[in-house]
Amino acid sequence: MDRAGLAAFLRTRREALQPEDVGLPRGRRRRTGGLRREEVAALADMSADYYSRIEQPRGPNPSEQMLASIARGLHLSLEQRDHLFQLAGYAAPRRVRRSDHINPGLMRILDRLEDTPAQVVNQVGETLRQTPLAVALLGEETALTGRAKSAHYRWFTDPASRTLYPESDHARQSQLLVADLWGAYARDGKDSLVADLVEALRAESSDFSLRWNEHPVLGPYCGPKRFLHPKVGPLELHCQTLVDPDQSQRLLVFTAEPGTEDYATLELLSVVGQT
């Protein structure tokens with residue numbers, strides 16, 4: 001581990017970022033450019049003391065999980081993330097296997113959508129980051145663990161995951177999810193996270209297995225989605241998708257047409273859904 005090199009690299013990346021780059025207010029009392037250490041720590045979901053000791057440098061050897069969190073907090077590119085791991089004494093993560101590092105460009109867009117339901121998902125339907133209103137709409141999906149992190153897996157193995165959607169839409173949603181996995185499987189191949197998920201679903205869900213054998217093929221269009229929210233009731237939102245092909249990730253943004261009942265319901269959700 002190159003402690004001095006790691007500390008210097010973290011410091012230069014922190015000082016290169018501005019608060020508005022990561023969705024934070026600048027504030028009137030900020031005298032110097034760059035982020036504060038406590039801001040980076042908050043973005044990386046760790047204590048300010050822990051992060052500060054790494055940067056000074058006098059802290060413990062950070063784990064790979066901690067480094068991944070710091071990389072996301074600092075909006076590092078894949079190349080910068082790999083350099084971070086190497087400075088800390090680890091081999092650079094295999095990119096074909098890792099899908100939890102969000103493209104900095106997607107992060108910058110997401111940071112500016114705090115008043116909109118939006119989230120970044122990977123090729124197996126795992127939610128990597130959500131805006132607060134996305135949590136209010138869909139629930140806290142980033143805290144899930146194991147295979148349950150995948151929305152595709154939950155849909156076919158946990159009936160409770162379907163209650164947010166009208167029953168009349170279930171068949172269509174099932175077809176969309178299977179087609180989505182087929183597209184990812186065709187791209188990533190047999191030695192991939194997608195293949196592991198497909199194998200598990202075929203073993204655990206006869207519905208999935210039947211639909212998988214039908215090999216549905218659909219386009220990337222993410223059309224209107226209807227919800228039955230437990231707090232605000234029926235809601236129909238349009239879904240726009242921004243795709244990052246290099247990292248097999250998508251930014252999903254849910255919107256309602258201004259002046260409609262759905263728009264008013266979404267505004268209500270922004271108030272009651274986070275209480």
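One aromatic cluster is formed by Phe156, Trp182, Tyr185, Phe208 and Trp212. The model is a predicted one, in which local features require pLDDT of at least 70 and side-chain atom pairs count only at pLDDT 80 or more, whereas totals for chains, interfaces and linings use all residues. Residues are numbered from 1 along each chain as its sequence is written, and side-chain values use heavy atoms, with hydrogens and water left out.

Rings of Phe, Tyr and Trp (for Trp, the six-membered ring) were taken to pair if their centres lie within 6.5 Å; planes under 30 degrees apart count as stacked, over 60 as edge-to-face and the rest as tilted. By this rule the count comes to nine aromatic pairs. One of them, Trp182 with Tyr185, is edge-to-face, with 5.7 Å from centre to centre and 90 degrees between the planes. These two residues are three residues apart in helix α9 (residues 170–188), and are therefore separated by about one helical turn. Helices (H or I, at least four residues) and strands (E, at least two) are DSSP runs, numbered from the N terminus. Burial was assigned from relative accessible area (buried under 20%, exposed over 50%, partly exposed in between; 1.4 Å probe, protein chains only). Trp182 is buried because its relative accessible area is 16%, while Tyr185, at 21%, counts as partly exposed.

Trp182 also forms a stacked pair with Trp212, at 3.9 Å centre to centre and 5 degrees between the planes. Because Trp182 lies in helix α9 and Trp212 in helix α11 (residues 206–214), this pair ties together parts that are 30 residues apart in sequence. Both Trp182 and Trp212 are buried. At Phe156, the charged end of Arg162 sits over the ring, 5.7 Å from its centre; the criterion is NZ of Lys or CZ of Arg within 6 Å of the ring centre and within 35 degrees of the ring normal.

Tyr185 is also in contact (heavy atoms within 4.5 Å) with Ala195, which, neighbours within four places in sequence aside, contacts Gly189 and Lys190 as well. Ala195 lies in helix α10 (residues 193–204) and is buried, with a relative accessible area of 9%.

Strands β3 and β4 pair in the antiparallel sense over five bridges, pairing being assigned if DSSP finds at least two bridges between two strands. A hairpin of three residues joins β3 to β4, and Lys225 has Leu237 in β4 as its bridge partner. In a regular strand the side chains alternate between the two faces of the sheet. In β3, Lys225, Phe227 and His229 make up a covered face, and Arg226 and Leu228 an uncovered one.

In helix α4 (residues 64–73), the buried residues are Leu67, Ala68, Ser69, Ile70, Ala71 and Gly73. The elements covering them include α1 (3–16), α2 (37–43), α3 (48–55) and α5 (78–87). Helix α4 is followed by His75, which has a positive phi near 55 degrees.
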